[in-house]
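User: I'm new to reading protein structures. Could you walk me through one, feature by feature?

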Amino acid sequence: MPELPEVETVRRGLEPVMTGRRIAAALVNRADLRWPLPQGMADRLTGARVTRLWRRSKYILADLD
């Protein structure tokens, strides 16, 4: 598990590259994640635009349009 400063460093590096960009394709290949993902999640993500990248605790979160 990364330390909190490492997570923030990664978020700051990703933010200028990802904000405003569209997700070209998404692949969901892990059914055993902490929370199950809804059916069709990859289709819902494909084409979405990242409006904001932020952090809550050690999670990097993306707001989408």
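Analyst: A residue is called buried under 20% relative accessible area, exposed over 50%, and partly exposed in between (1.4 Å probe, protein chains only). Here R11, at 13% relative accessibility, counts as buried. Two notes on the source: this is a predicted model, where local features need pLDDT of at least 70, side-chain atom pairs count only at pLDDT 80 or more, and totals for chains, interfaces and linings use all residues. Residues are numbered from 1 along each chain as its sequence is written, and side-chain values use heavy atoms, with hydrogens and water left out.

User: What share of the 65 residues is buried?

Analyst: Buried residues make up 11% of them. The protein exposes about 5,400 Å², and carbon and sulfur atoms supply 56% of that. Such areas come from the Shrake-Rupley method with a 1.4 Å probe; for residues, only the protein chains shown count as cover.

User: How do the strands β1 and β2 pair?

Analyst: Two strands pair if DSSP finds at least two bridges between them. In this case β1 and β2 (residues 59-64) pair in the antiparallel sense over 6 bridges. For instance, L53 has A62 in β2 as its bridge partner. The two strands form a hairpin with 2 residues between them, and S57 in the turn has a positive phi of about 60 degrees.

User: Back to R11. Which residues is R11 in contact with, leaving aside its neighbours within four places in sequence?

Analyst: Contact means heavy atoms within 4.5 Å. R11 is found in helix α1 (residues 4-18), and it is in contact with L53, W54, R55 and I60, once those neighbours are left aside.

User: And with which residue does R11 form a salt bridge at 3.1 Å?

Analyst: A salt bridge is a side-chain nitrogen of Lys or Arg within 4 Å of a carboxyl oxygen of Asp or Glu. At 3.1 Å between the closest N and O atoms, the partner of R11 is E15. These two are 4 residues apart in helix α1, so about one helical turn separates them. E15 is partly exposed, with a relative accessible area of 30%. R11 also meets E8 in a salt bridge (2.8 Å, N to O), and both R11 and E8 are buried. A network of salt bridges links E8, R11, R12, E15 and R55.

User: Where do D63 and R52 lie?

Analyst: First, the side chains of D63 and R52 meet in a salt bridge (3.6 Å, N to O). D63 lies in strand β2 and R52 in strand β1, so the pair ties together parts that are 11 residues apart in sequence. D63 is partly exposed at 28% relative accessibility, and R52 is partly exposed at 40%.

User: What about G47: which residues is G47 in contact with beyond its neighbours within four places in sequence?

Analyst: Those are R22 and I23. G47 is found in the loop between α2 (41-45) and β1 (50-56). The C-alpha atoms of G47 and I23 are separated by 5.1 Å, although the two residues are 24 apart along the chain.
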